[in-house]
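Here is a short note for a colleague opening this entry. Please keep the sequence and the model in view while reading the points below.

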Amino acid sequence: MLVHRVGGVAPAVVLEGAVPASFAQPLPGGRVLLVAARGEPGTDNAQVWDSAGQLVASAFVGDAIAQVLATPAGSIWIGYFDEARDEIGMRQLVRFDGTLRPEWWYPFPSERADLPNVFDVMALNVHEETALCYAYKGFHLVRVQSDSVTDLGPTGVRGASAVVVDGARGAFVGGWGVEYDLVTPFALRPGGGVDVGAPVGRLVLPDGRDCARLRLTSRGAEMAAVDGGGNRYRVSLDELLDGPRF
């Protein structure tokens with residue numbers, strides 16, 4: 001069930017036959033994308049619905065989905081974790097169009113030896129129409145603009161859960177073990193490459209409580225977090241880098 005708000009509260013729209021969505025993303029024209037994280041070839045696990053509750057598109061978009069983000073123009077970016085075994089998911093990073101048709105995928109190592117191997121997408125960001133991918137096991141930052149992919153280099157940050165960026169500067173959030181809440185700044189060089197600084201602090205909830213086990217999603221310079229109780233929080237890159245220190 002979805003509620004669309006345009007200048008007020010609209011009646012609820014029941015989506016008959018909707019997939020059990022792990023991810024939902026808005027698309028242009030009042031459409032919405034639903035994606036289930038797990039699936040098998042031959043069974044659709046992604047759907048596009050319009051604002052009237054009509055199914056627009058349906059497809060199998062790969063198994064073992066870790067990240068889903070749509071751009072303002074309606075491109076759909078999906079990153080996969082390390083259990084992907086189907087033809088789509090084994091590409092690890094795929095861009096789909098609004099009809100759920102693959103229109104770009106990350107090259108295999110045999111196709112582009114200059115790019116890092118992407119084995120498990122741990123963080124994904126879309127800033128306007130540009131995608132940034134951070135993945136195990138090299139933990140490089142990779143940028144995709146249109147069909148052009150560039151390795152920005154190793155980050156030295158291991159196990160981050162989110163990458164937040166405003167086009168010139170950004171931050172990694174999280175890490176392995178005791179670094180799960182660490183905030184680490186970085187800057188993107190104009191000619192390509194990334195400069196990573198020392199951690200500037202730790203992420204906490206608004207009341208100062210520990211923020212373990214948050215689900216993080218980032219889009220441009222904004223990051224959303226959901227805790228185990230379903231409580232939702234938002235934080236900007238400026239707040240991450242320049243906000244109060246504890």
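1. Salt bridges overall. A search of the whole structure finds 12 salt bridges. A salt bridge here is a side-chain nitrogen of Lys or Arg within 4 Å of a carboxyl oxygen of Asp or Glu.

2. Basis of the note. This is a predicted model, where local features need pLDDT of at least 70, side-chain atom pairs count only at pLDDT 80 or more, and totals for chains, interfaces and linings use all residues. Residues are numbered from 1 along each chain as its sequence is written, and side-chain values use heavy atoms, with hydrogens and water left out.

3. Arg101 and Asp97. Their side chains form a salt bridge, 3.1 Å from N to O. Asp97 is buried, at 14%. The classes are buried (under 20% relative accessible area), exposed (over 50%) and partly exposed (in between), using a 1.4 Å probe and protein chains only.

4. Asp114 and Arg112. This pair also forms a salt bridge, and the closest N and O atoms are 2.8 Å apart. Arg112 has a relative accessible area of 28%, so Arg112 is partly exposed.

5. Asp195 and Arg189. Their side chains meet in a salt bridge at 2.8 Å, N to O. Asp195 is partly exposed, at 39%. Arg189 is partly exposed, at 39% relative accessibility.

6. A network. Which residues are linked in a network of salt bridges? They are Arg38, Asp63 and Glu83.

7. Gln25. This residue lies in strand 1, residues 23-27. Strands (E, at least two residues) are DSSP runs, numbered from the N terminus. Gln25 is buried because its relative accessibility is 9%. Its side chain makes a polar contact with the side chain of Arg219, at 2.3 Å. A polar contact is a pair of N or O atoms within 3.5 Å; within protein, one must be able to donate a hydrogen and the other to accept it, and residues adjacent in sequence count only if both atoms are side-chain atoms. Leaving out residues up to four places away in sequence, Gln25 touches Arg31, Val32, Leu33, Val68, Leu69, Ala70 and Arg219. Touching means heavy atoms within 4.5 Å.

8. Thr130. Strand 10 (residues 130-137) holds Thr130. Thr130 is buried, at 18% relative accessibility.

9. Cysteines. Cys133 is buried, at 2%. Cys211 is buried too, at 5%. The disulfide count is 0, where a disulfide is a pair of cysteine sulfur atoms within 2.5 Å.

Technical notes:
Helices (H or I, at least four residues) and strands (E, at least two) are DSSP runs, numbered from the N terminus.
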